[in-house]
Amino acid sequence: MLEADFTVERRDFAVSVALRVAPGERLALFGPSGAGKTTVLETIAGLVHPRRGRVSLGGRLLATTEPARSVPTWRRRIGLLRHDPALFPHLSVAANLAYGAADRSSVAALASRLRIGELLAASPLALSAGQRRRVALARLLAAAPAALALDEPYDGLDEEAKRVVSEVILEAAAERQLPTLVAAHDLAEAQFVADRVAVIDRGQVLQVDEPAALVRAPATRRVAALVGYRSFAPLAGGGCFLAVHPDLVLLGHHPERGPTLIGELRSLRPSGARFELAVAVHGTAVTLRVDEPPAGNEIRFTPIAPPVYGEDGRLLASEAVPS
Amino acid sequence: MRSPAEAALGAPARRERLDHLQATAGALAAIVVWVVLVGPILTLLGELSPAAIGRALSAPGALTPLVVSLESGALTLAVLVGLGTPLAFLLARGRLPFARVLETGVLALLLLPPLVIGLLLVFMLGPATPAGHALARVHLSATNTFLALVVAQVYESAPYYVLGAQAAFRAADRRLEEQAALLGDPPWRVLARVTLPLAAPGLAAALAFAWARAMGAFGAVVIVAYHPFGLPLQIWTTLQETGLASALPFALVLLVVALPLPIAAYAYSARARGRLHR
């Protein structure tokens with residue numbers, strides 16, 4: 001079990017979290033850039049020191065502030081994948097992989113799994129950004145860490161590489177029963193790998209939930225905005241806002257799925273294989289993504305079980321009555 | 001009359017010729033500056049005849065100063081590497097209190113004319129001083145001895161090495177050191193496996209400077225270590241005793257002996273830097 005409950009001072013704001021990650025469990029830290037995700041990972045790894053609190057792994061105290069005690073980074077065995085892969089430029093890829101390797105025989109298999117087997121003799125400086133990240137991941141897994149802390153592991157990877165990296169992470173976490181933390185600013189990437197997602201914003205954990213539940217019932221309006229709700233339409237009577245997720249809508253009247261809203265089409269443009277519409281509903285711009293472009297200017301649509309937030313931003317109901 | 005379009009079409013050829021001319025003129029100017037700069041060395045080569053070199057070097061005991069210079073130079077380097085490297089490392093990492101003050105001290109040493117350093121060394125280590133007494137107790141003296149020669153060379157060359165090594169350590173990426181710690185290396189292993197290899201090209205360049213400085217050390221040496229003399233003093237005494245012409249061959253010896261190490265260090269440094277920053 002990885003337990004982290006601490007406050008770290010930063011120049012802009014304090015990062016304050018309380019997290020527990022069970023062996024083999026994968027917890028994603030999801031939030032916008034600069035929310036404090038990296039600070040959390042670096043504090044667990046011992047690169048940043050908390051002002052208050054404690055960090056422990058498998059019952060072993062790694063850091064505490066009462067009294068101030070800290071196990072140095074090199075004794076913690078936290079497999080931290082940093083955003084900068086930090087490959088050693090004076091060593092070959094093979095020597096980088098073997099750098100902290102407890103068991104060198106596993107290195108070759110890991111390298112071919114991650115499709116970097118042909119690069120072993122190369123200099124890290126000759127690699128692409130995606131290859132560097134995979135070498136860095138293989139290097140940290142070879143070092144037999146006791147927990148994983150991965151900072152944006154999918155950054156710079158194409159879809160195929162993302163899939164492979166994800167498989168390797170899931171496998172390592174499961175086989176070695178490693179508590180795993182993954183920082184991601186992209187919700188799909190966070191959901192891709194995690195059992196649970198912690199939403200972090202300006203240094204605070206706003207909600208911890210299962211990946212699908214998080215999108216269905218964001219606890220606050222801010223969380224809703226972070227997980228992709230783009231429009232907040234005021235409800236009749238005032239004081240309440242109905243949140244619309246562009247992908248959680250059906251065109252037309254579907255009273256069994258949610259309230260029906262009527263608006264005027266303002267713009268229409270393709271978005272991947274679908275179409276993105278901007279619709280004005282009582283003066284509020286609402287964004288929708290639909291499979292086919294609608295006919296006519298008046299758009300009737302049904303947000304699927306939309307959450308409703310009060311003036312203070314708290315969740316009032318996850319299914320609103322039609323207005 | 002040419003239209004503006006025609007004029008524009010004619011321009012590239014003229015522009016190219018002009019660019020070419022400018023580049024050639026720039027290169028020529030640089031070569032002229034270089035020739036003026038290394039003028040003394042070119043003059044040395046022009047003034048020497050093989051016969052004069054042979055005569056000067058075949059005199060009995062003529063090569064003893066060369067041996068003295070090489071031995072004292074090697075010892076000087078060992079002292080610099082052994083004591084200067086840790087100081088440079090700690091200065092670079094800001095782990096010392098009043099680091100700026102300490103750095104200024106090293107810079108001051110660089111600023112002082114070597115002659116003044118020699119005079120101050122007499123006051124610091126001469127036979128009548130406490131340090132001189134302490135040395136005498138272990139049957140050593142820092143006046144006109146081999147030890148004195150090494151001490152003078154160390155003082156003349158140390159700032160070059162320490163400041164160069166400090167810059168080399170400062171350039172070593174801290175994130176790579178953190179990465180090594182993340183992979184389980186204790187600090188001393190990080191130093192051996194990451195910091196030193198990354199700083200090696202810069203350290204080699206600093207060592208090259210220090211060696212050249214030590215081999216050519218004269219100002220402090222002439223004050224505290226007139227005997228046993230190395231090459232610079234041999235040139236000086238030969239000049240005083242038998243004149244300019246007979247002193248020059250020893251200058252050539254100094255060049256030939258002192259140059260290979262810095263050139264090799266430089267070549268290694270350039271290659272290694274190329275490898276690290278491709």
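The model is predicted: local features need pLDDT of at least 70, side-chain atom pairs count only at pLDDT 80 or more, and totals for chains, interfaces and linings use all residues. Residues are numbered from 1 along each chain as its sequence is written, while chains are lettered from A and ligands numbered from 1 in the order in which they are written. Helices (H or I, at least four residues) and strands (E, at least two) are DSSP runs, numbered from the N terminus.

**Contact between the chains**

- Chain B places 15 residues in contact with 17 residues of chain A; two residues are in contact if their C-beta atoms, placed from the backbone, lie within 7 Å.
- On the chain B side, the elements that give two or more residues are α9 (174-182) and α10 (187-215) of chain B.
- The most comes from α9(B), with six residues.
- By class, this side of chain B has nine nonpolar, two polar and four charged residues. Ala, Val, Leu, Ile, Met, Phe, Trp, Tyr, Cys and Pro count as nonpolar, Asp, Glu, Lys and Arg as charged, and the others, Gly among them, as polar.

**Helix α4 of chain A**

- Helix α4 of chain A (residues 105-113) has A:V107, A:L110 and A:A111 as its buried residues. A residue is buried if 20 or more other C-beta atoms lie within 10 Å of its own, exposed if 12 or fewer, and partly exposed in between, with C-beta atoms placed from the backbone.
- Viewed down the axis of α4(A), the buried residues fall within an arc of 100°, so they line one face of the helix; the arc is that of the directions from the helix axis to the C-beta atoms.
- A:S105 and A:A109 are exposed on the other side of α4(A).
- The cover over the buried residues of α4(A) includes α3 (93-97) and α5 (129-142) of chain A.
- A:R115 follows α4(A) and has a positive phi, near 60°.

**Helix pair in chain B**

- Helices α12 (residues 231-242) and α13 (residues 244-258) of chain B pack at an angle of about 170°, with their axes 7 Å apart. Axes are lines fitted to C-alpha atoms, for helices over the stretch in contact, and angles run from 0 to 180 degrees between N-to-C directions.
- The angle makes α12(B) roughly antiparallel to α13(B); angles under 35 degrees count as roughly parallel, over 145 as roughly antiparallel, 65 to 115 as roughly perpendicular and the rest as oblique.
- Residues making the contact include B:L231, B:I235 and B:L239 of α12(B) and B:F250, B:V253 and B:L254 of α13(B).
- By class, the contact of α12(B) with α13(B) has nine nonpolar, four polar and no charged residues.

**Strands of chain A**

- An open sheet of four strands in chain A has the order β12-β13-β19-β20, with antiparallel pairing; two strands pair if DSSP finds at least two bridges between them.
- β12 (231-234) and β20 (315-317) of chain A are the edge strands, each pairing on one side only.
- Neighbouring strands of this sheet are turned by 40° against each other on average, direction ignored.
- β12(A) and β13(A) run antiparallel and are joined by four bridges. They form a hairpin with five residues between them, and A:G237 in the turn has a positive phi of about 100°.
- β13 (residues 240-244) and β19 (residues 308-310) of chain A pair in the antiparallel sense over three bridges.
- A:L242 of β13(A) is the bridge partner of A:A233, and A:V308 in β19(A) is the bridge partner of A:L242.
- β16 (residues 274-281) and β17 (residues 284-290) of chain A run antiparallel, joined by seven bridges. A:A280 stands opposite A:A285 in β17(A).
- The hairpin of β16(A) and β17(A) has two residues between the strands, and A:H282 takes a positive phi near 45°.

**Backbone features in loops**

- The peptide bond from A:E66 to A:P67 is cis, with omega near -5°; A:P67 lies in the loop between β5 (60-65) and β6 (68-70) of chain A.
- B:H227 and B:P228 are also joined by a cis peptide bond, with omega about -10°; B:P228 lies in the loop between α11 (219-224) and α12 of chain B.
- A:A305, in the loop between β18 (298-303) and β19 of chain A, has a positive phi near 40°. A:A305 is partly exposed, with 15 other C-beta atoms within 10 Å.
- B:F98, in the loop between α4 (64-92) and α5 (99-111) of chain B, has a positive phi near 55°. B:F98 counts as exposed, with 9 C-beta neighbours inside 10 Å.
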